[in-house]
Amino acid sequence: MNEEPDKASQPVGEPVAKRSFLQVIFLNQRELRAGWRLLIYIVLALLSFVAFQFTAAWLHLPLPPGRMDAVGMLTSEILSVIAAFSPALLLGKFEHRSLGVYGLPAREAFRGRFWQGVVWGLAMITAMILLISAGGGFSFGKIALDPGAILKYAVLWALVFLTVGFFEEFFFRGYTQFTLATGIGFWPAAILLSAGFGAAHLGNKGEGAVGALSVFTIAMFFCLTLRRTGSLWFAVGRHAAFDWGETFLYSVPNRGIVAPGHLSNSALHGPAWLTGGTVGPEGSVMAFVVMGAAFGLFAVLYRRPTELPAASTPSAPPLTS
């Protein structure tokens, strides 16, 4: 979507207001340009996250001690969610937009699309594990938890990855995707932000170039689900369920780490191209096989592209010189 309106749409005979140099640099005909809005959001989100981390450390809240600790991760991810949503709520006041416009309409919260995403997430990680197992690269092993701890960690990891889903989907495909799309179009914005999403995962222990490429591919799939369903609720459900299945249910490396509180003493064995090596299943060739199938199946089942809020104009009155 182009930011500047079609000149043919201006009333005939009405003089075009002369704009100053600074207005041209910072403003389109309705609001602050997309690039400046995106920059402000990212700066505010990062500042919020740093401030929350310092506050959490000062209050001695449990944060991940260099590993995927469930309680610590939950604390950290909740802070991340707040840091991602707060600037969007603030900027939304100025932009006359709600969180629904940015991809999370309240009327769809935890309804059909979310649970469809949960089913897809569990199906996709299961398909990856089955393909790796068929190649002799996975064994489930014995149950690692006592009966009382199974329910505890199943719920705890579900909460962790639900917050992960909210944070990562909204930060990379919520306000950022909506805003950048108003400037350069949906798919160019999706490619740029998905590349950033993949690059961000290179900082995870055990992650590598193949794993980052897999994350980029998954991010593009999330963008497809946003385009076809019109919201992020499917992506949040899929994200949470896939990570839960990977970390807890199948007990394989996620972010290059086997988390404490996993269900079984499962093992990956064999060549890295099959198992994903230190990355885990997301770095396996089978991940790309499953993702390719998912792209095709989703495109067939969700045929009609949904008109996204990103294609609409804001409700604020046009800017005048």
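This is a predicted model: local features need pLDDT of at least 70, side-chain atom pairs count only at pLDDT 80 or more; totals for chains, interfaces and linings use all residues.

R97 has a relative accessibility of 10%. Buried means under 20%, so R97 counts as buried.

Next I asked myself: which residue forms a salt bridge with R97, with the closest N and O atoms 2.9 Å apart? I found E95 there.

Then I turned to E31. Its side chain meets that of R97 in a salt bridge, at 2.9 Å from N to O. I noted where the two sit: E31 is in the loop between α1 (21–26) and α2 (34–58), while R97 is in the loop between α3 (70–95) and α4 (112–134). The pair therefore ties together parts that are 66 residues apart in sequence.

I followed E31 to another partner, R37. These two form a salt bridge as well, and their closest N and O atoms are 3.5 Å apart. R37 has 4% relative accessibility, so I wrote it down as buried.

A reminder to myself on why such pairs turn up: side chains of opposite charge can pair when their charged atoms come close.

Last, I put the pieces together. E31, R37, E95 and R97 are linked in a network of salt bridges. How many salt bridges does a search of the whole structure find? I got 4.

Definitions and conventions:
Residues are numbered from 1 along each chain as its sequence is written. Side-chain values use heavy atoms; hydrogens and water are left out. Buried means under 20% relative accessible area, exposed over 50%, partly exposed in between (1.4 Å probe, protein chains only). Helices (H or I, at least four residues) and strands (E, at least two) are DSSP runs, numbered from the N terminus.
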